[in-house]
Amino acid sequence: MAVRIRLSRFGRKKMPFYRIVVQNANAPRDGKFLDMVGTYDPMQNPIVLNIKQDKVQEWIDKGAQPTTTVKSLLARNAAAPAVVAE
């Protein structure tokens, strides 16, 4: 079973809010997930990004692959922890 760390969309029309979740690669975007490892709110200024680094590292060690968007969010969180809320 291939496992991905990806975004799951919530919020209303034109006001997105995302959960960073661990899902089976075949599951629908907003479907059943294995674990929630963070949140991402791009509508705030500055953006609000909450990531549980220990859970993310645990899933990556187990073989989960982050999507390109989640990779960039993880890099952003590691680069500027003062700007991004944990």
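Colleague: Why is Arg 29 called partly exposed?

Modeller: The relative accessible area of Arg 29 is 48%, and the class "partly exposed" covers what lies between buried, under 20%, and exposed, over 50% (1.4 Å probe, protein chains only), so Arg 29 belongs to that middle class. Please keep in mind that this is a predicted model, in which local features need pLDDT of at least 70 and side-chain atom pairs count only at pLDDT 80 or more, while totals for chains, interfaces and linings use all residues. Residues are numbered from 1 along each chain as its sequence is written, and side-chain values use heavy atoms, with hydrogens and water left out.

Colleague: What makes the meeting of Arg 29 and Asp 30 a salt bridge?

Modeller: The term asks for a side-chain nitrogen of Lys or Arg within 4 Å of a carboxyl oxygen of Asp or Glu, and the N to O distance between the side chains of Arg 29 and Asp 30 is 2.9 Å, so this pair meets the rule. Asp 30, with a relative accessible area of 39%, is partly exposed. By this rule the count comes to three salt bridges.

Colleague: How do you know that Lys 55 and Asp 35 link distant parts of the chain?

Modeller: Their side chains meet in a salt bridge of 3.3 Å, N to O, and the two residues stand 20 residues apart, Lys 55 in helix H1 and Asp 35 in strand E3. Here helices (H or I, at least four residues) and strands (E, at least two) are DSSP runs, numbered from the N terminus. Lys 55 has 26% relative accessibility and counts as partly exposed, whereas Asp 35, at 17%, counts as buried.

Colleague: How far apart are Glu 58 and Lys 62 in helix H1?

Modeller: Glu 58 and Lys 62 are four residues apart, which means about one helical turn lies between them. They form a salt bridge whose closest N and O atoms are 3.4 Å apart. Glu 58 is partly exposed at 41%, while Lys 62 is exposed, with a relative accessible area of 56%.

Colleague: What makes strand E3 mostly covered?

Modeller: E3 spans residues 35–41, and six of its seven residues are buried.

Colleague: How do you know that E3 and E4 pair?

Modeller: Two strands pair if DSSP finds at least two bridges between them, and E3 and E4 (residues 48–51) have four bridges, so they qualify as a pair, in the antiparallel sense. Asp 41 stands opposite Val 48 in E4, and a hairpin of six residues joins the two strands.
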